[in-house]
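Please look over the sequence and the fold first.

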Amino acid sequence: MLQIHNSLTGRKEALVPIEPGKVRLYVCGITVYDYCHVGHARCYVAFDLIQRWLRQRGYALTYVRNITDIDDKIIARAAENGESISALTARFIAAMDEDFAALAIERPDHEPRATEHISGMIALIERLIERGYAYVGASGDVLYAVARFPAYGRLSGKRLEDLRAGARVEVDDSKRDPLDFVLWKAAKAGEPSWPSPWGAGRPGWHIECSAMAKALLGTHFDLHGGGMDLKFPHHENEIAQSCAAHDGQFVNVWAHNGFVNIDNEKMSKSLGNFFTIRDVLPRLRHPEVLRAFLLSSHYRGPINYSFVQLEQADAALTRLYTALWGIDTAAAAGVVDVPATLAVHRRAFETALDDDFNSPEALAALQGLARDLNAARARGETAAVSVLAAELQRLGAVIGLLSLPAEQWFRLSAAQPLAADGDAEVVPALDEAAIDELIAARLAARKARDFAAADRIREQLAAGGVVLEDQPGGRTLWKRV
């Protein structure tokens with residue numbers, strides 16, 4: 001049975017959907033004021049893996065991932081750039097879509113934008129006021145009364161007394177309690193606003209997800225995810241809002257992914273120690289390298305970003321593609337005598353992902369399958385080779401890897417380092433047209449029995465980082481090293 005670590009209880013629990021066979025998942029999405037960085041990639045690759053495996057296991061999944069398109073940072077960046085908020089957000093939503101597509105992050109079933117759900121947020125705030133959990137402050141802001149919700153802090157393990165004791169808050173006479181947070185911000189000159197019962201204004205950040213989750217998944221759903229940094233206060237505030245507005249439980253299972261670190265410090269825009277996805281991808285053989293790197297650590301733990309780690313991910317993928325190189329997997333369709341090892345590796349792969357989506361163990365199962373495939377090839381077991389290769393491709397596709405023909409993988413240049421300032425030059429490689437011409441010239445030399453010339457061409461290609469492999473029937477495969 002599929003088990004998920006529940007951040008709310010601190011233990012792994014069997015997934016028991018509210019509705020048998022159906023799972024509803026909400027993941028907090030991007031605030032679109034800048035390009036996505038590798039920390040974002042870590043989060044959304046992790047939840048892409050989760051949604052893929054839930055579907056693979058036969059659940060009817062409804063996956064919601066929101067977009068925050070109104071926020072203090074968005075307003076400030078638009079003003080800084082001298083562009084409209086709509087132009088800024090449209091530009092960065094398009095960039096996010098491109099980055100996510102490159103990383104094989106599948107689109108959610110619903111991708112609501114905050115500005116499309118203002119009326120739902122207002123209705124939710126009205127309900128909180130009616131129930132005594134929110135009030136209008138002297139400033140005109142509507143605030144949530146944290147002290148009214150006794151369970152506040154349960155998700156993050158924080159106590160109200162400790163939070164108040166250690167709070168560093170600006171003096172705000174409109175708050176009854178320094179921990180109270182804004183649900184609705186009164187309009188300021190020059191900022192976008194919407195009409196409300198409390199005057200023109202815009203929503204606070206936390207109320208957005210409560211309203212959008214309710215609209216698309218209901219008041220009680222199965223699984224809510226996001227980065228570890230959202231556990232407090234964002235997810236804590238979501239619970240307080242949603243449970244206060246609607247009696248009963250909000251979410252059954254909470255899942256949080258760990259940080260990407262650089263020199264053991266969290267990668268983030270606020271710290272200035274981040275690489276955008278667009279910085280990194282041009283230096284890699286293929287975006288699968290970054291995806292494989294992110295899957296090489298369990299989603300709940302931290303992962304340390306470095307070029308060495310990316311090189312290791314490239315090497316691991318190359319071992320898998322090497323096993324697939326030159327094999328016709330279509331021939332597997334007619335094979336009846338399936339190798340016994342296939343079931344062993346499939347079971348290891350499935351067991352890993354059923355155990356809290358353990359992607360490192362799933363990748364290890366793929367490597368084991370590749371080793372058996374190489375051994376079968378060495379023994380000349382043609383049918384077994386086709387079957388094992390087809391299974392390797394199929395399992396790789398489940399987690400968003402091995403999407404290319406192996407021959408194409410080896411025609412791509414290996415990863416190259418990224419300078420700290422992002423300005424390092426990419427070293428040019430021998431282009432494919434030149435390689436194909438040299439291979440054709442070598443073939444012609446061999447036909448003319450001019451083996452010395454053929455050897456010289458092979459050496460010339462090797463000097464350019466290209467290795468040849470002659471196949472039966474006169475076919476020559478090549479790869480970059």
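Which residues touch the most other members of the largest nonpolar core? The model is a predicted one, in which local features need pLDDT of at least 70 and side-chain atom pairs count only at pLDDT 80 or more, while totals for chains, interfaces and linings use all residues. Residues are numbered from 1 along each chain as its sequence is written, and side-chain values use heavy atoms, with hydrogens and water left out.

The answer is L54, L290, Y305, F349, L373, L392 and I399, in a core of 93 residues. Helix α1, residues 38-56, gives the most to this core, with eleven residues. Another core lies apart from it and has 44 residues, including W184 and V251. Such a core is a set of buried Ala, Val, Leu, Ile, Met, Phe, Trp, Tyr and Cys residues joined through side-chain atoms within 4.5 Å, where buried means under 20% relative accessible area, exposed over 50% and partly exposed in between, with a 1.4 Å probe and protein chains only.

Aromatic rings of Phe, Tyr and Trp (its six-membered ring) pair if their centres lie within 6.5 Å; planes under 30 degrees apart count as stacked, over 60 as edge-to-face and the rest as tilted. By this rule there are 14 aromatic pairs, among them these two:

| Pair | Centre to centre | Angle between planes | Class |
|---|---|---|---|
| Y35 and F92 | 5.0 Å | 85 degrees | edge-to-face |
| Y44 and F100 | 5.4 Å | 40 degrees | tilted |

Y44 and F100 are both buried, whereas Y35, at 30% relative accessibility, counts as partly exposed.

Conventions: Helix = DSSP H or I, 4+ residues; strand = E, 2+ residues; numbered from the N terminus.
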